[in-house]
Amino acid sequence: MSKVRVATTSLAGCFGCHMSFLDMDERIVGLLEHVEFSRSPINDIKHCEPCDIGLIEGALCNADNVHVLKEFRENCKIVIAVGACAINGGVPAMRNHFTLQECLEEAFLDEIGVDNPHIPNDVEIPLLLSKVHPIHEVVKVDYYLPGCPPSADAFLKILTDLLEGKEPSLPKEMLHYD
């Protein structure tokens, strides 16, 4: 039996969902009997190749985030929005209460201790979006794994359900928002 290919990525967020995923500890070894990881921070592969499941954490804050997300949608049969940032913008979306110009001025011109105040303008820096967006506003999402971050048990449950060909179902006690 061939293994299910899984890819993961972190867009704009804290990387907490990936850390929670790794909290599966030794259960990851059991998962590896059925799963092969494609793009992920674990193996440092930079592009998403064709795969079965894509786990995406983080919101969309810049053009690079949008590019990575679209690449995932094109290459993943199933896309799962993981965590509050991917689902509703999370903490990164707090900047939506201000204009992008106000955010840039606060960070690069007005902040205490700024040396050589100027707003960076380099082609190597991804273009910031005017607002932060959850991923479903740009691509179709097949499943949502809520939490900040979701627990390792919730990751294992949604993946196990999918591996068994079942519709994912997470009991309420498995979900938390702290």
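Modeller: A patch is made of residues with over 30% relative accessible area and no salt bridge, where like charges are joined within 9 Å and nonpolar side chains (Val, Leu, Ile, Met, Phe, Trp, Tyr) within 5 Å. Accessible areas come from the Shrake-Rupley method with a 1.4 Å probe, and for residues only the protein chains shown count as cover. Please note that this is a predicted model, in which local features need pLDDT of at least 70, side-chain atom pairs count only at pLDDT 80 or more, and totals for chains, interfaces and linings use all residues. Residues are numbered from 1 along each chain as its sequence is written, and side-chain values use heavy atoms, with hydrogens and water left out.

Colleague: Which residues form a nonpolar patch on the surface?

Modeller: The patch consists of F15, M19, L22 and I42, which together have about 360 Å² of accessible area. One of them, L22, is found in helix α1 (residues 16-22); helices (H or I, at least four residues) and strands (E, at least two) are DSSP runs, numbered from the N terminus. L22 counts as partly exposed because its relative accessibility is 35%; buried means under 20% relative accessible area, exposed over 50%, and partly exposed in between (1.4 Å probe, protein chains only).

Colleague: How should I read the sheet, and in what order do its strands lie?

Modeller: In general, strands of a sheet pair through backbone hydrogen bonds, either parallel or antiparallel. Two strands are taken to pair if DSSP finds at least two bridges between them. Here five strands form an open sheet in the order β2-β1-β3-β5-β7, with parallel pairing. Strands β2 and β7 are the edges, each pairing on one side only. As an example of a pair, β3 (residues 51-57) and β5 (residues 76-82) run parallel and are joined by six bridges. Within β5, A81 is the bridge partner of I56.

Colleague: Which strands does helix α3 touch?

Modeller: Contact means heavy atoms within 4.5 Å. Axes are lines fitted to C-alpha atoms, for helices over the stretch in contact, and angles run from 0 to 180 degrees between N-to-C directions. Helix α3 packs on the sheet and touches β1, β3 and β5, its direction making about 135 degrees with that of β5. Helix α6 (residues 152-163) lies across β1, β2, β3, β5 and β7, and runs at about 155 degrees to β7.

Colleague: How many salt bridges does a search of the whole structure find?

Modeller: A salt bridge is a side-chain nitrogen of Lys or Arg within 4 Å of a carboxyl oxygen of Asp or Glu. The search finds nine. One of them joins the side chains of E36 and R5 (2.9 Å, N to O). E36 lies in strand β2 (residues 35-37) and R5 in strand β1 (residues 4-10), so this pair ties together parts that are 31 residues apart in sequence. Another joins D142 and R73, also at 2.9 Å, N to O. D142 is in the loop between β6 (128-133) and β7 (143-145), and R73 is in helix α3 (residues 63-75), 69 residues apart.

Colleague: Which residues are linked in a network of salt bridges?

Modeller: The network links K157, D161, E164 and K166. Within this group, the side chains of D161 and K166 meet at 3.9 Å, N to O. D161 is buried at 3% relative accessible area, whereas K166 counts as partly exposed at 43%.
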